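Visitor: Please take a close look at a single part of this entry and describe what surrounds it. Give the cut-offs as you go.

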Amino acid sequence: MNTQSTMNPTDADEGTPVSVKIRERIQASRKRFHANDNIAQFIEPGELALLLDEVEDKMKGVLNSLVIDIEHDHNTDNTARRVAKMYVNEVFRGRYVEAPTITEFPNVGHLNELMIVGPIIVRSACSHHFCPVIGKIWIGVMPNEHTNVIGLSKYARLAEWIMGRPQIQEEAVVQLADLIQEKTQPDGLAIVMEASHYCMAWRGVKDMDSKMINSVMRGVFLKDPTLRREFLSLIPRKG
Ligand SMILES: Nc1nc2c(ncn2[C@@H]2O[C@H](COP(=O)(O)OP(=O)(O)OP(=O)(O)O)[C@@H](O)[C@H]2O)c(=O)[nH]1
């Protein structure tokens, strides 16, 4: 018997986890959905709330498998919901929502002097263990007369959107550089990030002191060693 032919497509859809529906749309568009990719364009209105319910349900499974009595332990009876909210609405929000709106102003003053913003405090989580990554970022921009000027706070908003995903630091700074480059089209862009990785402090090697520092240099920062030195000397990293 061909059961398919008698089924209404909406009935077939019912009971399909929302994550599966979203994943199918991404795959149909042949787009990537790695941990540090944004997938907002594939999420329909109302689906984020359903995704939260689904993650809560799966988290209950994890707690059960950890042999925690969530039925009777008053401390953990709502933990699955809290963790789901933390992932979907807070720490990994940068995967599920569109980029912040950025007001761009024309560079009427023809500014072409080095501009530095930082330290911007950033919070992320490593893709490997989902442990916190907390650090600082400095951004240097060398505008030209065609460069769009964006409000100072917008650098922090863009950084928050990129860091609000499971990341590895090397890829996070490149994603942020690509985004700022696209928004402002400067002659040069420099980013330095310094962060503590709690997967190395709380667990694993339990090293409390080491930090990872990395940088991305684009355009004139790459070509001009004097400008690069000026940028690096102006960021008060040890302060
Ligand atoms: N390159 C890079 N490595 C990272 C970052 N965040 C965490 N790591 C490292 O990722 C590695 C994962 O190593 P694995 O050997 O797969 O995992 P593991 O067995 O739990 O490793 P240990 O942490 O050594 O116990 C660890 O060395 C982490 O310190 C990051 O942003 N960039």
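**Domain contact and ligand shell**

Guide: The C-alpha centres of domain 1 and domain 2 lie 31 Å apart. Domain 1 covers residues 3–96 and domain 2 covers residues 104–234 of the protein chain, with bounds from an automatic or database domain assignment. This is a predicted model, in which local features need pLDDT of at least 70, side-chain atom pairs count only at pLDDT 80 or more, and totals for chains, interfaces and linings use all residues. Residues are numbered from 1 along each chain as its sequence is written.

Seven residues of domain 1 and twelve residues of domain 2 make up the contact (C-beta atoms, placed from the backbone, within 7 Å). On the domain 1 side, helix α6 (residues 93–96) gives the most, with three residues; helices are DSSP runs of H or I, at least four residues, and strands are runs of E, at least two, numbered from the N terminus. That side of domain 1 has three nonpolar, two polar and two charged residues (Asp, Glu, Lys and Arg count as charged; Ala, Val, Leu, Ile, Met, Phe, Trp, Tyr, Cys and Pro as nonpolar; the others, Gly among them, as polar).

Around the ligand stand Cys 126, His 128, Ile 168, Gln 169, Glu 170, His 197, Cys 199, Met 200, Gly 204 and Val 205, where near is a C-beta atom, placed from the backbone, within 6 Å. Helices α8 (169–184) and α9 (198–201) each supply at least two residues of this shell. By class, the shell has five nonpolar, four polar and one charged.

Notes: Contact = placed C-beta atoms within 7 Å.
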